[in-house]
Amino acid sequence: MTLKYKTICISDTHLGSKDAQADLLNNFLKHNTAENLFLIGDIIDGWKIQQNKWRWKQSHSNCIRRILGAGKHGCKVVYITGNHDEFLRPFVAHNFESGNIKIVNQWEYTDINGKRWLLTHGDMFDGIARLGKWIGILGDKAYDAVLWINTRFNYIRHKLGFGYWSLSKYLKKKVKKAIGFVFEFEKTITDYCKKRGYDGVICGHIHTPEIKDIDGITYMNDGDWVETCSALVEHYDGRWKIVYWTEIKDADSK
């Protein structure tokens, strides 16, 4: 069964990295369509090219083909660049546009309820990213190491009959408040929106799906497709919701 939404937002798919959940993403795009598809940064992981860790599989190509196909069949596809796919930012200056697909640095969207949203990847509001790209790359390497440990750890858990446990998600939850205290990512980005008259912001970057109110501004983060495999969707009745595709797919298979 295919579900149709007004809008689908996804980010941080990191295609080109070995940890990208491309098969799940392709399955999600196969069973979920929309009038608007917003790709909110880090769709292609250009940093892996620079680090000579490029891992491009057929499943990654399938995702790109499905996105291009959506644009060809009438879906408005807007690709908002992030820090990992910043190599695409020079195309923005030339107003790159192909068919129904557009590449931009940020985007403004008015939803069914008339609310104005700023769509941005979010790296420009991240204190770590602002301190320097090399710090971000260092963090990226640390995250890769955690995922490597997590894979081996869960292999042992599986052999012992235990279920999956995410070490990286556990660590992110533990350090999220500390990082937020220092750099106030969510507060910074919502303050920016408030000053410019937006009702809310839709972003990615920190890989943590969330919908909440911050001082009268709605903050929505669509998560990622490395671990949470989540998307943000706008229903035709105006509701916004986070969809966790792994949970839905597992439930449908039972």
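These are my notebook entries on a predicted model of a protein.

**Entry: overview**

I began with the whole chain. The secondary structure comes to 9 helices and 12 strands. I noted that buried residues make up 48% of the 254 residues. I then looked up contacts between residues at least 6 apart in sequence, and 69% of these join residues at least 24 apart.

**Entry: strands β1 and β2**

I looked up how β1 and β2 are joined. Strand β1, residues 3-10, runs parallel to β2, and 7 bridges join the two. For one position I noted the residue across: Y5 stands opposite A34 in β2. I also checked the cover on β2, which spans residues 32-40, and found it mostly covered, with 7 of its 9 residues buried.

**Entry: the open sheet**

I traced the sheet that holds β6. It is an open sheet of 5 strands in the order β6-β7-β8-β10-β9, with mixed pairing. The edges are β6 (107-110) and β9 (210-214); each has a single partner strand, so one side of each is left without a neighbour in the sheet. From one strand to the next the twist averages 20 degrees.

Strands β7 (residues 116-119) and β8 (residues 200-203) run parallel and are joined by 3 bridges. Across this pair, W117 stands opposite G200 in β8. Helix α8, residues 185-195, packs on the sheet and touches β7, β8, β9 and β10 (217-221). I recorded the angle between the direction of α8 and that of β10 as about 130 degrees.

**Entry: N221**

N221 is found in strand β10. Is N221 buried or exposed? I found N221 buried, with a relative accessible area of 0%; the cut-off for buried is under 20%. Leaving aside neighbours within four places in sequence, I listed the contacts of N221 as C203, G204, I206, T208, P209, E210 and I242.

**Entry: E234**

I moved on to E234, which is found in strand β11, residues 230-234. E234 is buried yet has no salt bridge. How far away is the nearest side chain of opposite charge? That side chain belongs to K6 and is 6.4 Å away, whereas a salt bridge needs the charged atoms within 4 Å. What I did find for the side chain of E234 is a polar contact with the side chain of Y109, at 2.6 Å. With neighbours within four places in sequence left aside, E234 is in contact with Y5, K6, T7, Y109, D111, I112, R239 and W240.

**Entry: D45**

Last I looked up D45, which is found in the loop between β2 and α2 (46-50). D45 is buried, with a relative accessible area of 1%. Which side chain does the side chain of D45 make a polar contact with? I found that partner to be H14, at 2.8 Å. Not counting residues up to four places away in sequence, D45 touches H14, L15, S17, W54 and H84. I also noted the spacing to R55: D45 and R55 are 10 residues apart in sequence and 9.7 Å apart in space, C-alpha to C-alpha.

Terms used:
Residues are numbered from 1 along each chain as its sequence is written. This is a predicted model: local features need pLDDT of at least 70, side-chain atom pairs count only at pLDDT 80 or more; totals for chains, interfaces and linings use all residues. Side-chain values use heavy atoms; hydrogens and water are left out. Helices (H or I, at least four residues) and strands (E, at least two) are DSSP runs, numbered from the N terminus. Buried means under 20% relative accessible area, exposed over 50%, partly exposed in between (1.4 Å probe, protein chains only). Lys and Arg count as positive and Asp and Glu as negative; His and the chain ends are not counted. A polar contact is a pair of N or O atoms within 3.5 Å; within protein, one must be able to donate a hydrogen and the other to accept it, and residues adjacent in sequence count only if both atoms are side-chain atoms. Contact means heavy atoms within 4.5 Å. Two strands pair if DSSP finds at least two bridges between them. Axes are lines fitted to C-alpha atoms, for helices over the stretch in contact, and angles run from 0 to 180 degrees between N-to-C directions.
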